[in-house]
Every structure is written in structure tokens, then in C-alpha cells.
Amino acid sequence: MLIIAIGWGYVVLMMVLAEALGPGGSVLGALVTLLLYGVLPLTIVLYVGGTRKRARARRAAESGDVDPGRGGEAPGDAIAPVREEP
């Protein structure tokens, strides 16, 4: 999903440059192109694409399997206990 977003971002960047630097183009037109063809669609696609991941994280947090602050790892001691010499 991310590679598609990067590719589309590149296409939009080329469209913005063509609009801004082309004859008869304007900076305002380039900004409108960037917002309507780039930012808005990519925001929607990435939000919808991340729905499963957010749902999985929410279910795991509700069941207590994962501590949300630890990057998806199971809760436990961060440092192993030290054995004492007899």
C-alpha cells in the first residue's frame, strides 16, 4: 500500500511542477493541484488502508494481550533478573 502512495505522490509532484513552471501556469493552480490530486486522496487511501491494523491493535489492547506503549510486544519485564552467586 505504501509503494502505491509513494508512486502517486511522485506523479502529483510532477503535475504540480508542470502546472507551476509551464507557460500559462500559476502557483495557485499548482497548490490547488497538490491539495486536490495529492493530499486529499492520499489521506483517504492511507486512512482506509490502515483500518485493519487499527482494528487489530484495538482488539489486542482490549483483550490485554499487548501494552500499547511498547510497540506491539507482549507485556513483561524489560530487564532480566540477575542471578546471585552462591
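How many aromatic pairs does the structure hold? The structure holds 0 of them, a pair being Phe, Tyr or Trp rings (six-membered ring for Trp) with centres within 6.5 Å.

## About the model

This is a predicted model, where local features need pLDDT of at least 70 and side-chain atom pairs count only at pLDDT 80 or more, while totals for chains, interfaces and linings use all residues. Numbering starts from 1 along each chain as its sequence is written, and side-chain values use heavy atoms, leaving out hydrogens and water.

## How α1 meets α2

Helix α1 (residues 2-21) packs with helix α2 (residues 27-49) at about 170 degrees, axes 8 Å apart. That makes α1 and α2 roughly antiparallel (angles over 145 degrees). On the α1 side, the contact (heavy atoms within 4.5 Å) includes W8 and E19; from α2, Y37 and L42 are among the residues involved.

## Around α3

Helix α3 covers residues 51-63 and reaches 18 Å from first C-alpha to last. After α3 comes G64, with a positive phi near 85 degrees.

Key. Rings of Phe, Tyr and Trp (its six-membered ring) pair if their centres lie within 6.5 Å; planes under 30 degrees apart count as stacked, over 60 as edge-to-face and the rest as tilted. Helices (H or I, at least four residues) and strands (E, at least two) are DSSP runs, numbered from the N terminus. The expected span of a helix is 1.5 Å times one less than its number of residues. Axes are lines fitted to C-alpha atoms, for helices over the stretch in contact, and angles run from 0 to 180 degrees between N-to-C directions. Angles under 35 degrees count as roughly parallel, over 145 as roughly antiparallel, 65 to 115 as roughly perpendicular and the rest as oblique.
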